[in-house]
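Please look through the sequence and the model shown here before reading on. The paragraphs below are meant to be followed with both in view.

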Amino acid sequence: MAQSLPSIVSGEGGLSRYLEEIRRFPMLQPEEEYMLAKRYAEHSDTTAAHKLVTSHLRLVAKIAMGYRGYGLPIGEVISEGNVGLMQAVKKFEPERGFRLATYAMWWIKASIQEYILRSWSLVKMGTTANQKRLFFNLRKVKSKIQALDDGDLNPEQVQEIATRLNVSKEEVVSMNRRLSGDASLNAPIRASEGESGEWQDWLVDEHSNQEEMLVEQDELENRRSMLAGALSVLNDRERRIFEARRLADDPMTLEELSAEFDISRERVRQIEVRAFEKVQDAVKAAAKRQMQALRTVEASPAH
């Protein structure tokens, strides 16, 4: 994929020229797509990969247009989507029997959403699946319930949005304020008692103290280490399904994985359950070994 792709020139008309340029790349027939994918997978044929990528640039542009409401340059959004497309081409397995577009859509959306979460605000956005869903769907839900785009929500609106998106009311209020844009810490603010000052005067540090943070960090690292070790008991297919279903911030559906592996959704579910059981057993065994090692150290006479 060393060959260059069309780029969006900044300025008036840049997007239109880009869309016109990518329309010139022909759509591929299933047989042609299959042969190109095989050539790239088996021979690392970069010309074949380039054709696969360019034939799907319109798909990326279409998906990227759905993310125009976040105030980011559309050219950069499309470029990030193209990165996701190239990753999909690298990992695509044509013998599975489904089209590249079906497989690539998840990679394109994931790449764009990660870019938005990294770049949209100076304040770090949430990283859990529910928080990401809140971030990407808050405007849509506000529009459905006819809530104003700017300003705070009333309690009834907060409750309805929290229920619809399966998050807490506090998360809805916090995310809505973040979506109003990054505010200066020196912005003037007036308290309910009539006192005035700057925004930074009213900020409260709610973090744990340093000792608690170190303990939590050590515990988190220990859990990550045990999980990484536990994943080694899985074969490639089990690991892929387990990570896509249980560890991803935006889990893949059974249908998506059934298409990827050319097996039934029920079979995917069975593999997921079995993989979870194997990981669970491996984690328990690792924890037991740690406890035994700790007891051995504690029982050893001091020198």
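Predicted model: local features only at pLDDT ≥ 70, side-chain atom pairs only at ≥ 80, totals over all residues.

Residues are numbered from 1 along each chain as its sequence is written, and side-chain values use heavy atoms, with hydrogens and water left out.

The chain holds 13 helices and 2 strands, these being DSSP runs numbered from the N terminus (H or I over at least four residues for helices, E over at least two for strands). Of its 303 residues, 32% are buried, where buried means under 20% relative accessible area, exposed means over 50% and partly exposed lies in between, with a 1.4 Å probe and protein chains only. The accessible surface of the chain is about 19,300 Å², and 50% of that surface belongs to carbon and sulfur atoms; the areas come from the Shrake-Rupley method with a 1.4 Å probe, and for residues only the protein chains shown count as cover. Among contacts (heavy atoms within 4.5 Å) between residues at least 6 apart in sequence, 58% join residues at least 24 apart.

Helix α4 (residues 57–65) packs against helix α5 (residues 74–91) at an angle of about 130°, with the two axes 9 Å apart; axes are lines fitted to C-alpha atoms, for helices over the stretch in contact, and angles run from 0 to 180 degrees between N-to-C directions. That angle makes α4 oblique to α5, the scheme being that angles under 35 degrees count as roughly parallel, over 145 as roughly antiparallel, 65 to 115 as roughly perpendicular and the rest as oblique. The crossing of α4 and α5 is right-handed, a term used if the near helix is turned clockwise from the far one by less than a right angle, with anticlockwise giving left-handed. Leu-57, Val-60, Ala-64 and Met-65 of α4 meet Ile-74, Val-77, Ile-78, Gly-81, Asn-82 and Leu-85 of α5 in this contact. By class, the contact of α4 with α5 has 8 nonpolar, 2 polar and no charged residues, where Ala, Val, Leu, Ile, Met, Phe, Trp, Tyr, Cys and Pro count as nonpolar, Asp, Glu, Lys and Arg as charged, and the others, Gly among them, as polar.

Helix α5 also packs with helix α6 (residues 100–119), at an angle of about 140° and with axes 7 Å apart, and α5 and α6 are therefore oblique to each other. Their crossing is right-handed. Among the residues making this contact are Val-77, Gly-81 and Leu-85 of α5 and Tyr-103, Trp-107 and Tyr-115 of α6. The contact of α5 with α6 divides into 12 nonpolar, 4 polar and 4 charged residues.

Leaving aside residues up to four places away in sequence, Glu-33 touches Leu-28, Leu-52, His-56, Phe-92, Arg-99 and Leu-100. Asp-281, in helix α13 (residues 265–299), is partly exposed with a relative accessible area of 47%.

Most residues other than glycine have a negative phi. Ser-44, although not a glycine, has a positive phi of about 55°; Ser-44 is placed in the loop between α2 and α3 (46–54) and is exposed, with a relative accessible area of 54%. Asn-166, likewise not a glycine, has a positive phi of about 60°, lies in the loop between α8 (155–165) and α9 (169–178), and counts as exposed at 53% relative accessibility.
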